[in-house]
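Morning, everyone. Let me put the model on the screen, and then I'll walk you through it.

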2 protein chains.
Amino acid sequence: MSRPRLTPLAESLPATVPFVGPEAQERARGRKFAARLGANESVFGPSPKAVEAMRAVAPEAWMYGDPESYDLRQALARHLGIEMDDIVVGAGIDGLLNSLVRLHVAPGDAVVTSDGAYPTFNYHVAGYGGSLTKVPFKDDKEDPEALLKTASETGAKLIYLANPDNPMGSWHAAPVIDDMIGDLPEGCLLALDEAYVEFAPEGTAPIIDTSNPQVIRFRTFSKAHGMAGLRVGYAFGEREMIRSFEKVRNHFGMSRVGQAAALAALADADWLKHVQTQVARARDRIAAIARENGLEPLPSATNFVSIDCGRDGAFAKAVLDQLVARDIFVRMPFASPGNRAIRVSCGPDPDLDRFAEALPYALKTASAG
Amino acid sequence: MSRPRLTPLAESLPATVPFVGPEAQERARGRKFAARLGANESVFGPSPKAVEAMRAVAPEAWMYGDPESYDLRQALARHLGIEMDDIVVGAGIDGLLNSLVRLHVAPGDAVVTSDGAYPTFNYHVAGYGGSLTKVPFKDDKEDPEALLKTASETGAKLIYLANPDNPMGSWHAAPVIDDMIGDLPEGCLLALDEAYVEFAPEGTAPIIDTSNPQVIRFRTFSKAHGMAGLRVGYAFGEREMIRSFEKVRNHFGMSRVGQAAALAALADADWLKHVQTQVARARDRIAAIARENGLEPLPSATNFVSIDCGRDGAFAKAVLDQLVARDIFVRMPFASPGNRAIRVSCGPDPDLDRFAEALPYALKTASAG
């Protein structure tokens, strides 16, 4: 017997994924959470029509899903006003980002993101040996100018930008993004993560232009459509760039149930509207709860609100721990200065009631600690 | 505008996945298949209890699946008589093979498989720049001796072997595999794909030994459990080797619905027994249909039967095309000499009635052509 030989790159990677799920926390605590407000899931649930579609297709789960996700891509094409060949469907934005990085980043290749932005993107860059440079947020927003400058300096192949962004909830208006796209260095691809775009004000998403091979945009059924547990995301952009995913994608990786549910969810504009309304209300309420406790809610174009706890990262972490101890699952930004905040996902009133009840005690205990 | 820069490896890969799905064929034909017997799916369907579990969990699809697949791994550990940390769950064997190859194969690294074995494994090896050597089948079986010899000669990091195998349906008894494991070259890892093992005779699967870091075994809910459309597979082996998947795996990639359904399916031993019985009957019937038409069914330890059409690959392809033209979806082995056969998945009687009805005409037309 002898050990198998990992690649030198794999050998160098830590055997740790970037998140601990709420279920793992529950197992460690020996107690369930009373409110699940930490993962920016849509606590308002999926469209009842999507639920119906899942139930109807359940007995057909013996069939592989269509590896082309044809019907779903066709519906998305209509929805976006582009061609279906400009779209690739994958197992969530996570899965698509993996393929994106794999296609473009060889060991040592430069990539740029914001310090405190999506850890799973960073995990993929590390996983393919990329050299990642992180640019600070500016006024709690990702900083297009600094991202461009660093990309230019490092010769980056990829820039990651989320608009609206996670974890701060901030956003740029479309013209800012358009300017950024116009200023991309030669051969640099902008990965524009729009996971939360359905919650943003009109005028946040740039007009779709699939003629530009330097932009790829990512959207998902995990957030506004309430289907994080089904793994359906999509990316769109210039056709040849999108086609390159065929080189590496897990072709039978899309679940049949997920495809059917996504199709139903996309068709249910009323439910989306309902969720958007509920999210807007919940954002206001989370902001009000924050203010009642002397804290500052940050403006949000997403389905969560980051709350500035007014002190440093250690204090915000103490507040978070106290909320968790009171059975409220929330998370917080990883990097300074964002980590002075806790991040609370929108949810229905009973969940926010629990949060409102727990927060004063959490603050008091954290302050005393 | 300028084109983004793929890695040299990605640049060199064709933008084609290895399979065309039956849905794509249906769209091209403009007509649905009457019998879906080409993808070795379990036409007998998932356990009614798994369907019930999918339906129950559907409204909870807004939650990400537990990224640790804790409950499922715990149940699998009990089922296999090992520890849960010896198991990794992934989006089908396809997804796990991707991670396996990624972890071990750097550009130029040697890998060995059988000529005509699973194309998706080959796709992953090519996708990571591996140097793949294919060894011929021997008497329609994968050839452990030749695989070992070639692995030794090429310094291979991985050997892929399916037992029972696809596409021939043949198998080796456990002692043959145990001997092979004992003779593995230093640092060579055997990827033992047991996707069809639930259909094989007693004594096909070697006794599980998680102390040996040179063997990783793959199983799935896509075949006997009838859940190909939900993407749940697993791999097990020596703990540290299994833990290396944490370096690269898509941690939120397991659907919540899939996890719940797999848990229910695993608990329903009666349904598995039922499917095994139905599959055994269907194998006999497919064999009888073959013989009635003067063809030779190959012995099978899977949920399909490969039928030797008695002539060359071109003839078998003509028979297949004629079956497809008669609305029977079947596939055939890719490589010679296996490609003298067509491959027919087990299904219930109405599907096999259609196959039985179409085959004589398909043979007649193919012979005349």
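Housekeeping. This is a predicted model: local features need pLDDT of at least 70, side-chain atom pairs count only at pLDDT 80 or more, and totals for chains, interfaces and linings use all residues. Residues are numbered from 1 along each chain as its sequence is written, and chains are lettered from A and ligands numbered from 1, in the order in which they are written.

Symmetry. Chain A superposes on chain B by a rotation of 180° with 0.0 Å of shift along the axis, at an RMSD of 0.0 Å. Which C-alpha of chain A is nearest the axis? That of Arg55(A), 2.5 Å away.

Now the interface. Chain A gives 79 residues to the contact, and chain B gives 79 residues. Contact here means C-beta atoms, placed from the backbone, within 7 Å. On the chain A side, α2 (22-29), α3 (48-57), α5 (92-104), α9 (239-243) and α10 (256-267) each supply at least two residues. Helices are DSSP runs of H or I, at least four residues; strands are runs of E, at least two; both are numbered from the N terminus. The largest share, six residues, comes from α5(A). By class, the chain A side has 37 nonpolar, 23 polar and 19 charged residues. Nonpolar means Ala, Val, Leu, Ile, Met, Phe, Trp, Tyr, Cys and Pro; charged means Asp, Glu, Lys and Arg; the others, Gly among them, are polar. And 100% of the interface residues of chain A are also interface residues in chain B, so the copies meet through the same surface.

Next, a helix pair. α12 (313-325) and α13 (349-368) of chain A pack at about 130°, axes 8 Å apart. Axes are lines fitted to C-alpha atoms, for helices over the stretch in contact, with angles from 0 to 180 degrees between N-to-C directions. The contact residues include Phe315(A) and Leu323(A) of α12(A), and Ala358(A) and Leu363(A) of α13(A). The class count there is eight nonpolar, two polar and no charged residues.

Last, the sheet. Three strands of chain A form an open antiparallel sheet, in the order β9-β10-β12. Pairing takes at least two DSSP bridges. β9 (296-297) and β12 (341-345) of chain A stand at the edges, each with a single partner strand, so one side of each lacks a neighbour in the sheet. β9(A) pairs with β10(A) (304-308) over two bridges. There, Glu296(A) stands opposite Asp308(A) in β10(A).

Notes: Two residues are in contact if their C-beta atoms, placed from the backbone, lie within 7 Å. Copies are superposed by least squares on the C-alpha atoms of residues with pLDDT of at least 70 in both.
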